[in-house]
Amino acid sequence: MASRIADSLFAFTGPQQCLPRAPQVAHARLSPGVYAVRPIDLLLKGKTHRRRTFLVSAKKRVGSIKAVAVPAAPPSADSAEEREQLAESYGFEQIGQDLPDNVTLKDIMDTLPKEVFEIDDVKAWKSVLVSVTSYALGLFMISKAPWYLLPLAWAWTGTAVTGFFVIGHDCAHKSFSKNKLVEDIVGTLAFLPLVYPYEPWRFKHDRHHAKTNMLVHATAWQPVPPEEFDSSPVLRKAIILGYGPIRPWLSIAHWVNWHFNLRKFRPSEVNRVKISLACVFAFMAVGWPLIIYKVGILGWVKFWLMPWLGYHFWMSTFTMVHHTAPHIPFKPADEWNAAQAQLNGTVHCDYPSWIEILCHDINVHIPHHISPRIPSYNLRAAHESIQENWGKYTNLATWNWRLMKTIMTVCHVYNKEENYIPFDRLAPEESQPITFLKKAMPDYAA
């Protein structure tokens, strides 16, 4: 069951069965089984889009909403004014225009300066120095901080150790060093404090880039398939909770489900996967007992577990923000377009400077999806070039509460016409975690 829940939370496990199209709604009961429905944008602070009224019949069985009149279309983003209005409602600074079908990924790459692809050993090892120093400083702060300042020390240390992941991430994309052996060693060592197996992650992450925002095949966040959401009450509750309050840590389920099962890898990959797993298990077998011997079980929680949870917060939220928004579609393979998925389907989000420094600009994500071979220290120069040549097609944001609230309370179940249908529209009686988030999370974008 745990494996099934993890699979359903992160990727489709069968063919999609789309629910009937219906907009976000506010309900007013007319008679048994019949509702008057007014389309609204739940996040738009009183503004509404196309206030058309129509009727739907609603069955009590979760997920069985049947339209009996033509539903209103979701808000269009065809004009600059409509895109600006949607951007404000979702917490974005800009929602990009649709990229024309005839533009290819090579067209975009050809506009990038050649120097953004160049590997600089000094800059690469400087990033290692930044991460090692900031992580050591974090551990020192944890050791000295009074109990009421520990959350701040954990936040710093968890962010610092995320920098190790980004270094390993560069190694996996062959953008850290010109020496492949150096990259394998550095990548493996960088992932060890996270107990993350380097080679299994590398193999699965390559698919993330090859099939970004492709239904079934993408390995990062996916919309919940309707047939999974409606398959059983227990699984449905787990999905609602997983995509609700615990969503910023759900990468832990992904970590367990995707990286430790040899059956998920090709025969040609298994030997390298075994080496990575051996390194991780050796770290756990030696490193954890040493930590416990020195500082006890509570010390293990204090010095390792809490920063590790901080890392998974960033692992979940970075990936979530990079590719998840109500207007960004996931498409089946026969409709998928690489250039549109990588440019239109990736979000650039600015964070506070200290986070960007410690995480080596992983938030500057659009150029990374145009070409994973761009080193992290060249992402900003590549981003400037993309803005000059393709800026009107890009999705831009600065981190804010409304952006997170939009993702966590709206982007749930797959629907071909609307992209996403919120849980509380399909199963209002079981969606208390989403109701809680709507009440508890601030709704400001400044």
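**Exercise 1. Surroundings of Asn-337**

Task: In this predicted model, determine which residues Asn-337 touches, not counting residues up to four places away in sequence.

Solution. Step 1: with those sequence neighbours set aside, the residues touched by Asn-337 are Asp-101 and Val-103. Step 2: place Asn-337 in the fold; the residue belongs to the loop between α11 and α12 (338-344). Step 3: examine the side chain of Asn-337, one polar atom of which lies 3.0 Å from the backbone nitrogen of Ala-339.

**Exercise 2. Packing of α11 and α16**

Solution. Step 1: two packed helices are described by the distance between their axes and the angle between them. Step 2: the axes of α11 and α16 (residues 401-410) come within 11 Å, and their crossing angle is roughly 85 degrees. Step 5: sorted by class, the contact of α11 with α16 comprises five nonpolar residues, one polar residue and no charged residues.

**Exercise 3. The largest cavity**

Task: Characterise the largest cavity by its volume, its lining residues and the helices that supply them.

Solution. Step 1: the structure holds three cavities of 30 Å³ or more, and the largest cavity has about 380 Å³ of space. Step 2: its lining consists of 27 residues, with Phe-165, Trp-201, His-205, Met-315 and Thr-319 nearest the centre. Step 3: at least two lining residues come from each of α5 (150-172), α7 (198-210), α10 (251-259), α11 (267-323) and α14 (366-370). Step 4: α11 supplies the largest share, eight residues. Step 5: by class, the lining has eleven nonpolar, 15 polar and one charged.

Technical notes
Residues are numbered from 1 along each chain as its sequence is written. This is a predicted model: local features need pLDDT of at least 70, side-chain atom pairs count only at pLDDT 80 or more; totals for chains, interfaces and linings use all residues. Side-chain values use heavy atoms; hydrogens and water are left out. On a 1 Å grid over the protein atoms alone, a cavity is a set of points where a 1.4 Å probe fits but cannot get out, and a pocket is an open set with protein on both sides within 12 Å along at least five of seven lines; lining residues have an atom within 4 Å of a point. Grid points are joined across faces, edges and corners, and a volume is the space filled by probe spheres set on the points. Helices (H or I, at least four residues) and strands (E, at least two) are DSSP runs, numbered from the N terminus. Ala, Val, Leu, Ile, Met, Phe, Trp, Tyr, Cys and Pro count as nonpolar, Asp, Glu, Lys and Arg as charged, and the others, Gly among them, as polar. A polar contact is a pair of N or O atoms within 3.5 Å; within protein, one must be able to donate a hydrogen and the other to accept it, and residues adjacent in sequence count only if both atoms are side-chain atoms. Contact means heavy atoms within 4.5 Å. Axes are lines fitted to C-alpha atoms, for helices over the stretch in contact, and angles run from 0 to 180 degrees between N-to-C directions.
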